[in-house]
Amino acid sequence: MNKTCRTCGLEKDVESFGKGSDYYNDCRICQQKKLGKPIGNGEDELYLHRKDGTMIIVYIDPDDYEKCSIHKWCFTSGRYAGYNYSGRMILLHRFIMNIHHLTGHSILIDHKDGNGLNNRKSNLRQCNVSENAINKTKLSVTNTSGYNGIEKYNDRWLAGITCYGKTIRLGIHPTINEAIKARREAELKYFGEFAPIYHEQLILGDKDIL
Ligand SMILES: [Zn+2]
């Protein structure tokens, strides 16, 4: 069922007017604007308003904007956008890919660049559980080097990688950078397109830049 917004004059699905849609003459986008809390830029950015008054920008594709404007998005788990659906958090990246509790529990949606706020479809992909674990760049609590798969070994550095539950040794290296280089080469070899993306460059010599 459609309804015409009093402010923008656009005809929209009643869902776009929010809960208790009979009560509202303005669509949710216009309601938020009047509150001084715009839902987004009307094109490819959604704004998450936090309690402390700050705002977080989430990037989406323009063809997802209308669909996303129906819900009230908030910042969740320290890295994602989500909305509360009867006490259940629906995450924006899953909503965009149409994978949620109703359509698929076991399917994971991964952010290719590791940025949970970049929800353009070109940055989202479906993956299985192992692949998702691979792309995780967060360090385990027992890590002593500050780098995944690198451990201090006396005064040298031990590199390793775990792929599908199997640990592969990548040797003992005199410097941490050499251990990191071995690890990153192994990530590309074993993880392929699911290897983590590093924004800082590792410089070993004139030639070796990973
Ligand atoms: Zn409107």
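Student: In this predicted model, which residue of E4 is the bridge partner of Leu46?

Tutor: Leu46 belongs to the covered face of strand E3, residues 45-49. Strand E3 is joined to E4 by 5 bridges, and the two run antiparallel. Within E4, the residue bridged to Leu46 is Val58.

Student: Which residues make up the uncovered face of strand E3?

Tutor: One face of E3 is covered and carries Leu46 and Leu48.

Student: Which residue in the hairpin of E3 and E4 takes a positive phi?

Tutor: The hairpin has 5 residues between its strands. A positive phi near 95 degrees occurs in this hairpin, and the residue that takes it is Gly53.

Student: Is Asp64 buried, exposed or partly exposed?

Tutor: Asp64 is found in the loop that runs between strand E4 (55-59) and helix H2 (65-69). A residue is buried with 20 or more other C-beta atoms within 10 Å of its own, and exposed with 12 or fewer. Because Asp64 has 18 C-beta neighbours inside 10 Å, its class is partly exposed.

Student: What distance separates the C-alpha atoms of Asp64 and Lys121?

Tutor: Asp64 and Lys121 are 57 residues apart along the chain. The separation of their C-alpha atoms is 9.2 Å.

Student: Why is one side of strand E10 and of strand E12 left without a neighbour in the sheet?

Tutor: The open sheet has 3 strands in the order E10-E11-E12, with antiparallel pairing. Strands E10 (150-153) and E12 (166-173) stand at the edges, so one side of each lacks a neighbour, for each has a single partner strand.

Student: What is the average twist from one strand of this sheet to the next?

Tutor: The strands concerned are those of the open sheet E10-E11-E12. From one strand to the next, the twist averages 25 degrees.

Student: Which residue in E11 stands opposite Lys152?

Tutor: E10 and strand E11 (residues 156-163) run antiparallel and are joined by 4 bridges. Opposite Lys152, the residue in E11 is Trp157.

Student: What angle does the direction of helix H5 make with that of E11?

Tutor: Helix H5, residues 176-191, packs on the sheet and touches E10, E11 and E12. Its direction and that of E11 make an angle of about 15 degrees.

Student: What percentage of the residues in the protein chain is buried?

Tutor: The protein chain contains 5 helices and 12 strands. Of its 210 residues, the buried share is 20%.

Methods
Residues numbered from 1 in each chain as written. Predicted model: local features only at pLDDT ≥ 70, side-chain atom pairs only at ≥ 80, totals over all residues. Pairing = 2+ DSSP bridges. Axes fitted to C-alpha atoms, helices over the stretch in contact; angles between N-to-C directions. Contact = placed C-beta atoms within 7 Å.
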